[in-house]
Amino acid sequence: MSPKNVRELEEVACSLGQQLLKIGKVFYVRWIASSYHSTKVVWVDYSALHEHFLRASDDAMRSSAEMISYHSLTNQRGSIQFLKNLALMCHVLEELSSLSLELQKNDTSMVDAHNKLVLQKQTLA
């Protein structure tokens, strides 16, 4: 993201009384945890992101291609279905992240691992 867009997004967040979360490093060994963190950041920062897209789609200082891109983002990410999917993804990734961390503990036996997997399967079903 360009410095201009970062600055504008931070200004929007500030005007909404929000503090933006940072995504940070996304791809590493514990990819489920990183995916959960990234998704949670989008969930928490959603209103600032949406407002930024909305403002940028009407910003005459931007090129027409940029304005069209932001308009498309606003329409796609502004739907109720997108929010429902995002909430579901947050929940599922949170559960999987928690399970992943539990299974990585050195003291986890095969029986414990099996029981945790069965419980997680029931939770997500």
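These legends accompany close-up views of a predicted model.

**View 1. Helices of the protein.**
The predicted model contains six helices and zero strands. Read from the N terminus, the order of elements is α-α-α-α-α-α.

**View 2. Burial, surface and contacts of the chain.**
Of the 125 residues in the protein, 27% are buried. The protein exposes about 8600 Å², and 62% of that area comes from carbon and sulfur atoms. When contacts between residues at least 6 apart in sequence are considered, 59% of them join residues at least 24 apart.

**View 3. Packing of helix α3 on helix α4.**
The crossing in which α3 passes α4 is left-handed.

**View 4. Residues in the contact of α3 with α4.**
On the α3 side, the contact is made by Tyr46, His50, His52, Phe53, Leu54, Ala56 and Ser57. On the α4 side, Met67, Tyr70, His71, Leu73, Thr74 and Arg77 take part. Sorted by type, the residues of this contact comprise seven nonpolar, five polar and one charged.

Key:
Residues are numbered from 1 along each chain as its sequence is written. This is a predicted model: local features need pLDDT of at least 70, side-chain atom pairs count only at pLDDT 80 or more; totals for chains, interfaces and linings use all residues. Side-chain values use heavy atoms; hydrogens and water are left out. Helices (H or I, at least four residues) and strands (E, at least two) are DSSP runs, numbered from the N terminus. Buried means under 20% relative accessible area, exposed over 50%, partly exposed in between (1.4 Å probe, protein chains only). Contact means heavy atoms within 4.5 Å. Accessible areas come from the Shrake-Rupley method with a 1.4 Å probe; for residues, only the protein chains shown count as cover. A crossing is left-handed if the near helix is turned anticlockwise from the far one by less than a right angle, and right-handed if clockwise. Ala, Val, Leu, Ile, Met, Phe, Trp, Tyr, Cys and Pro count as nonpolar, Asp, Glu, Lys and Arg as charged, and the others, Gly among them, as polar.
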